[in-house]
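Subject: Structure handover

Hello,

The structure is below for your use. My notes on what was found in it follow.

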Amino acid sequence: MEQKMQELKKDVEELKLLQEQAVRVRVKDALSLERRKLEIELSTLQQNLINSSASASTASSGPRRYVVELTNYAFDQSDAFVKLFVTLDGVQTVPEEGVTVTFTEKSLELRVSDLNGKDYSLVVKNLLEAIVVEKSYRKIKTDMIALYLKKVKPGKKWDCLTSTEKKVKDSKNSAFSMDDDADSKDPSAGLMNMMKKMYESGDSDTKRMIAKAWTEAQEKRDGNMPMPPMPEL
């Protein structure tokens with residue numbers, strides 16, 4: 001195809017020269033018409049070449065991978081660091097550049113690229129306390145990624161990982177305290193209404209935490225007054 005394109009370019013250039021040298025109008029028109037035909041043919045070949053290159057590039061890139069959202073992790077801390085341990089089978093086989101973490105003062109985003117044909121993502125927003133971005137880092141271990149979040153306030157204990165978890169925890173505890181009110185006709189109503197309100201106005205992290213808190217609340221009530229099932233929120 002490229003060789004044919006080169007020949008067409010030469011033909012077009014020669015017709016252009018002949019057209020400039022021609023004197024008779026009919027000869028000029030005939031040369032112009034032939035030149036136009038060759039230019040159209042050349043343009044068509046060029047477009048086909050572009051389309052073929054794009055198709056080859058798409059094919060060589062392989063099938064499109066989809067992103068799996070990671071939601072489970074273990075949480076620990078020392079005086080200096082908050083630590084997250086994310087279990088992911090085979091992650092040690094991914095090249096170093098394929099496991100990236102973006103830290104901000106109050107969030108983090110972990111990305112794992114092309115592990116068994118899939119990408120993985122863990123996003124944590126609204127950290128309970130600020131972290132030192134430049135001193136936070138990650139380590140790749142066998143079937144695990146360890147994230148080390150450097151505390152801005154060394155020695156300060158984090159009750160939980162995010163402010164969202166903190167709000168849900170405090171609301172749950174506040175609602176449970178209502179059970180001790182002798183004047184309350186429906187002790188579970190306060191908990192349900194409070195969680196429903198937070199669920200309706202919260203983001204995805206808030207909703208996940210509320211679902212978890214509701215399950216824990218039901219387990220706590222076992223053997224006592226049963227809680228109503230969580231409504232469709």
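Two aromatic rings of Phe, Tyr or Trp count as a pair if their centres lie within 6.5 Å, and a pair whose planes are over 60 degrees apart counts as edge-to-face. Please keep in mind throughout that this is a predicted model.

Aromatic pairs

By this rule there are three aromatic pairs. In one of them, Phe81 and Tyr137 have ring centres 5.9 Å apart and planes at 80 degrees, so the pair is edge-to-face. This pair connects distant parts of the chain, with Phe81 in strand β3 and Tyr137 in strand β7, 56 residues apart. Phe81 also pairs with Tyr148: the ring centres are 6.2 Å apart and the planes stand at 90 degrees, so this pair is edge-to-face too. Again distant parts of the chain are linked, since Tyr148 lies in strand β8 (residues 144-150), 67 residues from Phe81. Phe81, Tyr137 and Tyr148 together form one aromatic cluster.

Which members of the cluster are buried, and which are partly exposed? Residues under 20% relative accessible area count as buried. Phe81 has 18% relative accessibility and therefore counts as buried. Tyr148, at 11%, counts as buried as well. Tyr137 has a relative accessible area of 33%, so Tyr137 is partly exposed.

Sheet with the cluster strands

Phe75 has Leu84 in β3 as its bridge partner.

Another open sheet of four strands has the order β1-β6-β5-β4, and here the pairing is mixed. β1 (67-69) and β4 (99-104) are the edge strands, each pairing on one side only. With direction ignored, neighbouring strands of this sheet are turned by 20 degrees against each other on average. Strand β4 pairs with β5 (residues 107-115) in the antiparallel sense over six bridges. In this structure Thr100 stands opposite Arg111 in β5.

Largest pocket

The volume of the largest pocket is about 570 Å³. Its lining has 24 residues, and the closest to the pocket centre are Tyr73, Glu165, Arg208, Met209 and Lys212. By type, the lining of the largest pocket divides into eleven nonpolar, four polar and nine charged residues. Which elements each supply at least two residues of this lining? They are β6 (118-124), α3 (163-177) and α5 (204-221). The largest share, six residues, comes from α5.

A residue in helix α2

Ser43 sits in helix α2 (residues 25-60). Its relative accessible area is 42%, so Ser43 is partly exposed. The C-alpha atoms of Ser43 and Leu8 are separated by 10.0 Å, while the two residues are 35 residues apart along the chain.

Regards

Notes: Residues are numbered from 1 along each chain as its sequence is written. This is a predicted model: local features need pLDDT of at least 70, side-chain atom pairs count only at pLDDT 80 or more; totals for chains, interfaces and linings use all residues. Side-chain values use heavy atoms; hydrogens and water are left out. Two strands pair if DSSP finds at least two bridges between them. On a 1 Å grid over the protein atoms alone, a cavity is a set of points where a 1.4 Å probe fits but cannot get out, and a pocket is an open set with protein on both sides within 12 Å along at least five of seven lines; lining residues have an atom within 4 Å of a point. Grid points are joined across faces, edges and corners, and a volume is the space filled by probe spheres set on the points. Ala, Val, Leu, Ile, Met, Phe, Trp, Tyr, Cys and Pro count as nonpolar, Asp, Glu, Lys and Arg as charged, and the others, Gly among them, as polar. Axes are lines fitted to C-alpha atoms, for helices over the stretch in contact, and angles run from 0 to 180 degrees between N-to-C directions. Buried means under 20% relative accessible area, exposed over 50%, partly exposed in between (1.4 Å probe, protein chains only). Rings of Phe, Tyr and Trp (its six-membered ring) pair if their centres lie within 6.5 Å; planes under 30 degrees apart count as stacked, over 60 as edge-to-face and the rest as tilted.
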